[in-house]
Amino acid sequence: MSEANGKYIQMMGRIYFIAVIPFFGGAIAPWIVGPTAGAEVPAFLLWSFTVVIFCSASWFGFSVAKHPRRAVLQMFVTFALCGIAIAAFLAQQSQKPFIAAAILTIVHWLHLLWLQKTGALDKDVLKPHQRFVWTVLACHMMVLLNLVYAVKTA
C-alpha cells in the first residue's frame, strides 16, 4: 500500500466515523429519551437514504473507472438500488417507518454484497467500507427493534 493510498484510506475512515454518528444517535435515542420518542426515526431514515444514494453514486464512479466494460451493468445495479431506496423514502413519507427501515437495511446489505462480489474496490478500500456498512446494519436493526418495542408498549 502506497503512502498516498494509506492517507486516502485514513481520510475515508474519518469520514465513515463522522457518518456513523447520526446512525448511533437514531439507534440509541429511544433508550435515552423513551420509547415514545418518534422524532428521530424520520431523521435516521433520511440520513440512511442519503448515505445509500451517496455511496451508490460514488462507488459507481470507482467501479466504472476500474472496469469500464461493466459500466452498463454497474449503472443498472446502481439505479435499481437507488430506486429501491427511493421506495423506502416514500414509505417513510406514508407513515410506514418499519417498512422503510427494513427496506433500507436490505439495500445497504445488497450494496455491500454487490461491491464484494464484483471486486470493484481494492481490498484496502473495501475493508473500512465493510466495517462502516456492518455498523450501519447494526444500527438499522436497533431501530427496527425500537419500532417493534414502541408498538408493543403502545
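This is a predicted model: local features need pLDDT of at least 70, side-chain atom pairs count only at pLDDT 80 or more; totals for chains, interfaces and linings use all residues.
Biologist: What makes the length of helix 2 agree with its number of residues?

Modeller: Helix 2 covers residues 40-66, which is 27 residues.

Biologist: Which residues of helix 2 are buried?

Modeller: Buried means under 20% relative accessible area. Among those in helix 2 are Val41, Phe44, Leu45, Ser48, Phe49, Val52, Cys55, Ser56, Trp59 and Ser63.

Biologist: Why are helix 3 and helix 4 called roughly antiparallel?

Modeller: Helix 3 is residues 71-93 and helix 4 is residues 97-118. They pack at an angle of about 165 degrees, with axes 7 Å apart. Angles over 145 degrees count as roughly antiparallel. Helix 3 and helix 4 are therefore roughly antiparallel. Their crossing is left-handed.

Biologist: Which residues make that contact?

Modeller: Helix 3 supplies residues including Leu73, Val77, Leu81, Ile84 and Ala88. From helix 4 come Ile99, Ile103, Val107, Leu110 and Trp114, among others. By class, the contact of helix 3 with helix 4 has 15 nonpolar, four polar and no charged residues.

Biologist: What makes Gln95 stand out by its phi?

Modeller: Most residues other than glycine have a negative phi. Gln95 is not a glycine, yet has a positive phi of about 65 degrees. Gln95 sits in the loop between helix 3 and helix 4.

Biologist: How do you know whether Gln95 is buried or exposed?

Modeller: The cut-off for exposed is over 50%. Gln95 has a relative accessible area of 65%, so Gln95 is exposed.

Biologist: How do you know how helix 4 and helix 5 run relative to each other?

Modeller: Helix 5 is residues 123-153. The axes of helix 4 and helix 5 cross at roughly 165 degrees and come within 10 Å. The limit for roughly antiparallel is over 145 degrees. Helix 4 and helix 5 are therefore roughly antiparallel. This crossing of helix 4 and helix 5 is left-handed. Their contact holds 18 nonpolar, seven polar and no charged residues.

Biologist: Is Thr105 called buried or exposed, and why?

Modeller: The threshold for buried is under 20%. Thr105 has a relative accessible area of 8%, so Thr105 is buried. Thr105 lies in helix 4.

Biologist: Which residues does Thr105 touch?

Modeller: Leaving out residues up to four places away in sequence, Thr105 touches Leu137, His140, Met141 and Leu144.

Definitions and conventions:
Residues are numbered from 1 along each chain as its sequence is written. Side-chain values use heavy atoms; hydrogens and water are left out. Helices (H or I, at least four residues) and strands (E, at least two) are DSSP runs, numbered from the N terminus. The expected span of a helix is 1.5 Å times one less than its number of residues. Buried means under 20% relative accessible area, exposed over 50%, partly exposed in between (1.4 Å probe, protein chains only). Axes are lines fitted to C-alpha atoms, for helices over the stretch in contact, and angles run from 0 to 180 degrees between N-to-C directions. Angles under 35 degrees count as roughly parallel, over 145 as roughly antiparallel, 65 to 115 as roughly perpendicular and the rest as oblique. A crossing is left-handed if the near helix is turned anticlockwise from the far one by less than a right angle, and right-handed if clockwise. Contact means heavy atoms within 4.5 Å. Ala, Val, Leu, Ile, Met, Phe, Trp, Tyr, Cys and Pro count as nonpolar, Asp, Glu, Lys and Arg as charged, and the others, Gly among them, as polar.
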